[in-house]
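Look at the fold below and follow the chain through its core and its loops.

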Amino acid sequence: MKSFDTPDDTIEYHAWWNNLRDIGNSHVAKASIAVPILGYLILFQTDLIEFLKMHVSVCKDCSVPWRLHTFYFGSCFIALGAILYAWRCPPLIKKYAGATDFFEAEKNYFCNPSNLRYLFRLIRRDKGADPDDPDNLKSLADDGIALSEGHLTALAGVMGEHYVRQNRNRPTVRMMTYSAYIFGFLILGIAAVITFLQILFQLVSKL
């Protein structure tokens, strides 16, 4: 079987689906999807800006400040990542943060022979071959024999392989999602730092 060992400090590791799920499942990322639409309707409508300019008491300077632009574009990148995550992240990863969580929640389900046969079919589809199965769980499932307590360690290995493959599939989309999040938060972070320094400078200058 292909080795799945990847150093924890690599981009590939950080772009695994389970490392993206904290952002992808968050309300902040989901809410960011609305920002590009609202931003277009509010920030980039010349008709609205011209209307406000005619009402001096309401709007003396209706030019769009750079901070709103950075917030808009930063949110657009985060929204792109959220859309890619929602569209292509496997449901298994959205539901479970790790292989251990998956095993603890679903082990009784996959002790059933028909369900275990289905699990083997899923792995065969993704891998092109059966998973590592030193205890011959597949033979038991094919014979209609339910797994017992003594088979749980072997079952954990099979379920773990399925989780790992789901976690690391669609590498191009994973990297696109990761990059979108990085660019989005980087843009927002730079704007926040500049704003902080400007406010700090104003406070210091008044001392």
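Two residues are in contact when heavy atoms lie within 4.5 Å. This is a predicted model, in which local features need pLDDT of at least 70 and side-chain atom pairs count only at pLDDT 80 or more, while totals for chains, interfaces and linings use all residues. Residues are numbered from 1 along each chain as its sequence is written, and side-chain values use heavy atoms, with hydrogens and water left out.

Start with Leu-155. Leaving aside residues up to four places away in sequence, Leu-155 touches Phe-103, Lys-107, Phe-110, Cys-111, Leu-116, Leu-137 and Leu-147.

A nonpolar core is a set of buried Ala, Val, Leu, Ile, Met, Phe, Trp, Tyr and Cys residues joined through side-chain atoms within 4.5 Å. Buried means under 20% relative accessible area, exposed means over 50%, and partly exposed lies in between (1.4 Å probe, protein chains only). The largest such core has 33 residues, and Leu-116, Leu-137 and Leu-155 have the most contacts inside it. Helix 11 (152-167) is among the helices that each supply at least two residues of this core. The largest share, 6 residues, comes from helix 11. Helices here are DSSP runs (H or I, at least four residues), numbered from the N terminus.

Now turn to the loops. Most residues other than glycine have a negative phi. Asn-136, in the loop between helix 9 and helix 10, has a positive phi near 55°. Arg-170, in the loop between helix 11 and helix 12, also has a positive phi, about 50°. Arg-170 counts as partly exposed because its relative accessibility is 32%.
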